[in-house]
Amino acid sequence: MTEFDTKLVHGKPQDDNNTGAVNVPIYNSSTYIYPSVEADVKYDYERSGNPTRNYLEEQVAQLEDGYGGFAFSSGSAAIHAVLAIFKPGDHLIIGKEIYGGTFRIINEFFKRWQIEFTAVDTQNPSEIEQAIRPNTRAIYFESFTNPLLHVTSVKKTAAVAKKHQLLTIVDNTFLSPYLQRPLDLGADIVIHSATKYLSGHSDVIAGIAVAKDKAIADRIYFNQNSIGSTLSPEDSNLVRRGIQTLAVRMDRHLSNAKKIVEFLQKRPEIEKIYYPGISGTKDHEIAQKEADGFGGIVSFELKEGLDTTKFVEGTKLIQLAVSLGAVESLIELPYKMTHAELSPEEQLKAGITHQLVRLSVGIEDPKDLISDLAQSLDKL
Ligand SMILES: *Cc1c(COP(=O)(O)O)cnc(C)c1O
C-alpha cells in the first residue's frame, strides 16, 4: 500500500478509539467493514447507524430521561417519523396551537393517509377527554405554544392519556430538557427541533425524537431507518457541541427575557405581554409547577395605531428573522412571517393580530438589547 494512488484511496491507518480524543470524531463513512460474512457488526451502513449520530442520540436520550433517541435531518423530519408510527384509521388529538409546519404535515400529508385529527385546547383536560374516540391513539401538543406562550400541563394531559391508553407526545422545542423533561412528567415521546435551543447557534437544521420505552423506540427507529431522514455526522457534531453549552445559554436567555419583560412593562407603547413568567395567569401557574424556567421567547402587542413593521425594521442589533432559540436575538411579526400561512380569520381566532411581535431573546448583554428596543419604540 505504498503507491501514490493507493494512498489517495486509503490514507493513513486510523483507529480513533486509541487517539484519546476528548470529543467523538465525525465519522464520515457511509459503510463499515464486516470482518467476516457472519460477523455481528454494530455498524454496517450510515443510515442505520453512525457513531457520531449515535453519540448525539444517546446524549439527548439521557438528557430527556428516555430509553432511546433518534436524530433527524430536521425537526419536521422527526415529527414525520414519529407520526408515521400510526396507521390509517387511527385518530390523534392535537393541540390547537401547534407549530405551523406540524399542521402542514398533518393536513397535507397524514390526512391523505387516512389518519384523523382533532385539534383542541390542551390547556383544558375536559376538552381533551371529550375529543377521545374508540380509535384515538395519542395526544400531541407543545407545552409552551408559539407565539402566544400558552402553557399546557404535561402531567394532567399525560394522566388523561394514560386513563384511555393513549400515547402522549410533546414537542419540547421551546423549553429544551434544561427547563422541562416531559418524559418524567408522564409523556411517552419527546420531539425537538434541534435547530433551536439544542444547537443554539442558527447554523444547523436538525430534529430529535426520544422515546420513553423500548417498544416505541423500536417503532421510531424503524421509521428513521426506512424513511431515511437521518442527521448527517457533521450536523450531529454541531448539535452535540451546541448541547454542551445549553445550560449556560439557557440561564442567560432566561435572565435576559426577564429583564426585557420588566422593561416592556414600563413602556406605554406596549398593550400586552405574553410571557409565562408574568404572574396572575393560568400559564404562569402551570409553568411554575412543571418547568424550571419560563423560556427565552417573549411576545407582545403594540398599542393599536402603532406601526409594528416600522418597529421590527427599526431594531438594529436585534435581527428581523424567523426561527428562534439561538445566541443572537431575533424579532419578527407572526402574522406576516411565521404564521403567514393561516388565513386572516384563522389568525384572528388564534390571537395573532397585526400588533403582535415575537422576540427570541438571545444571550447578548441585556443593556444593549433593551436600548435597541427602546430606540425603535422611541421612533414610533
Ligand atoms: C422550528 C420548529 C419545528 C420544526 O423544526 P425544523 O427543524 O424547522 O424542521 C417544530 N416545532 C417547533 C415548536 C418549532 O419551533
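Reader: What makes the residues of α3 that you list count as buried?
Author: Buried means under 20% relative accessible area, against over 50% for exposed and partly exposed in between (1.4 Å probe, protein chains only). G75, A77, A78, I79, H80, A81, V82 and L83 are the buried residues of α3, so 8 of the 9 residues in this helix (75-83) fall under that cut-off. Helices (H or I, at least four residues) and strands (E, at least two) are DSSP runs, numbered from the N terminus. This is a predicted model: local features need pLDDT of at least 70 and side-chain atom pairs 80 or more, while totals for chains, interfaces and linings use all residues. Residues are numbered from 1 along each chain as its sequence is written, and side-chain values use heavy atoms, without hydrogens and water.

Reader: Why is K196 called buried?
Author: Its relative accessibility is 11%, which is under the 20% limit, so K196 counts as buried. K196 is in the loop between β6 (189-193) and β7 (207-211).

Reader: Which residues does K196 touch?
Author: Leaving out residues up to four places away in sequence, K196 touches T173, S323, L324 and G325; contact means heavy atoms within 4.5 Å.

Reader: How do you know that β6 and β7 pair?
Author: Two strands pair if DSSP finds at least two bridges between them. β6 and β7 are joined by 5 bridges and run antiparallel, so they meet that requirement. S193 stands opposite G207 in β7.

Reader: What makes β1 and β3 edge strands?
Author: In the open sheet the order is β1-β7-β6-β5-β4-β2-β3. β1 (68-72) and β3 (116-120) each have a single partner strand, so one side of each has no neighbour in the sheet.
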